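Student: I would like to go through the terms used for this model and see what backs each one.

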Amino acid sequence: MISAFKVLNEQINSFYLMIRLSMYELKIKNNNNYLGMLWEVINPAIQVAVYWMVFGMGIRQGRSVGTAGHEVPFLQWLVSGIIVWFFISPAILNGSKAIYTRIKIIAKMNFPLSVIPSYVIFSIFYPNVMLLALIAVIFQFTDHGKISLYYLQLPYYMLAAIALVFSLSLITSTLSTIVRDVQMFVQSIMRMLFYVTPILWVPDPKKLPEFINLILKGNPFSYIVEGYRDAMLSRAWFFEHWEHTLYFWGFVLVLFIIGSALHVKLRNRFVDYL
Amino acid sequence: MSNQTVIVRDVTKKYKMYKKPAEKLLDIILPKGYGEDFYAIQNISFEANQGDVIGIVGVNGSGKSTLSNLISGIIPPTSGTIELNGEVSLIAIASGLNNELTGRENIELKCLMLGFSKQDIKRLEPEIIEFAEIGKFIDQPVKKYSSGMKSRLGFAISVTVNPDILVIDEALSVGDQTFADKCLDKMNEFKEQGKTIFFISHSMGQVKKFCEKILWLEYGEVRAYGPMKEILPKYQEFLKEYKAMSKEEKKRFKQQVQLKQSGQNKPGDKLQTSSAK
């Protein structure tokens, strides 16, 4: 518990540092490409196009999603959910290797090491927000995803996504510094989670076995993906399903406590593990 | 008197050597640890005062860089304590500049990591640029720099942040004579201000010119520590001896060293160098 407060304290005290470092991180990443930041739009666009073809046109034969009266075309349903995945997935992968790839350039021991995963995560978060804004604008020209009060929940779900990704990265970045195989493990898990989260396919609770429904509900990423949809497609407020909200934050809290305990216990020895 | 800036007490740095990755895992899991020990630094104790310029000398692998990393707090000691009164700044050849960013951006990044505030950085930036003397290149990515430029920028950052304790790890060997002289001037200025400087160099000329005290490391232990005039001749004598050793003798010497660094020999035993003559 003490370490959890310590990590939280470091995050707050080093906020300016974190923001500046994340800006540089972003710059380093896009410096060598001529199109620079444009790739943050091109890449997702290509992916969405492929998924829309295969899942929307191919498997679903162009059927829309939702119950009668509240139907949403598959494309909008897909985009409003997958958008946050374009943040979550690279954030977790890069967050996991954040410490062992960067500890060498961190020159001093009194640098708050728990800031490393968070600035890496933030550097992935900015382009995602821009992408989100772009999509929200495009949505205004279609029949679905019109701006409404529900959009106000987006900051809340962004916060939820960052909290979850950061807590998880605290654990994985610590473990992968000690045992590099963890990085491989995280990679496969993320690939699996992409399908265990309702991003590409629409789960029908009535047709699925009970335990699969449970896994889908228990997966904290579902909460965020569905939350983004609730906000962008004006479906629901986050307090309307408060049990799920409570479960999600409980889950994040447990991850965060475990993560900070691990991180604080082992961080003095990170350099020795290189 | 509280003019002691660095107090090193019984510091040991132990590394583990593994034959395969699985042993590393065993070492983490088993409570007693697993793997062969390697003592890079063994039971080192010394003190440094304000205004001391200490040259750290020793042959390759004697733990000079490990010691400099320990003093500057990059790696934690396995046992023992290092007490520091003041801010430390380490200058090494690979001074942690990012190749993709420009010199100017690197200055901000490095200062941020050293814990400076926004205002401080704004104040320091022109000073650093002036000291580094790399002209238009300051707005070019560091990957386009020559190695001399890199070390100049690194050096400029490290001295301008005004540390109380300075550790210089062979950083002057890359720059040209004029820049080296400029750095020596700057360090003489620091000396007068009462800062403590650790100077690691293989160039006996620079050490002789600049240092007042010598810390002679031999395979992880302090062989001698004292005024430059006393210790340096002894070290140079040793180097001559070492060079003159026959292959057989060198081999024997190395074996002794290995035994010592694996922690099987009691620390404090002197290596038999002169008897091998």
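Student: What share of the contacts in chain A with a separation of 6 or more comes from residues 24 or more positions apart?
Tutor: In this predicted model, such residue pairs account for 80% of those contacts in chain A. A contact here requires heavy atoms within 4.5 Å.

Student: Why is chain A called as compact as a globular protein of its length?
Tutor: Chain A has 11 helices and 0 strands. Its radius of gyration is 19 Å, and the globule rule gives 19 Å for 274 residues, so chain A counts as compact as a globular protein of that length. Along the principal axes, its C-alpha atoms fill a box of roughly 60 × 45 × 35 Å.

Student: What makes Cys111(B) count as buried?
Tutor: The cut-off for buried is under 20% relative accessible area. Cys111(B) has 0% relative accessibility, so the label applies.

Student: Why is Cys211(B) called buried?
Tutor: Its relative accessible area is 4%, and therefore Cys211(B) is buried under the cut-off of 20%. In chain A, buried residues make up 50% of the 274 residues.

Student: What part of the accessible surface of chain A belongs to carbon and sulfur atoms?
Tutor: Those atoms hold 70% of a surface of about 13,600 Å².

Note on methods: Residues numbered from 1 in each chain as written. Chains lettered and ligands numbered in written order. Predicted model: local features only at pLDDT ≥ 70, side-chain atom pairs only at ≥ 80, totals over all residues. Heavy atoms only, no water. Helix = DSSP H or I, 4+ residues; strand = E, 2+ residues; numbered from the N terminus. Rg over C-alpha atoms; globule rule 2.2 N^0.38 Å. Buried < 20%, exposed > 50% of the residue type's maximum accessible area, 1.4 Å probe, protein only. Areas by Shrake-Rupley, 256 points an atom, 1.4 Å probe, with all protein chains shown as cover.
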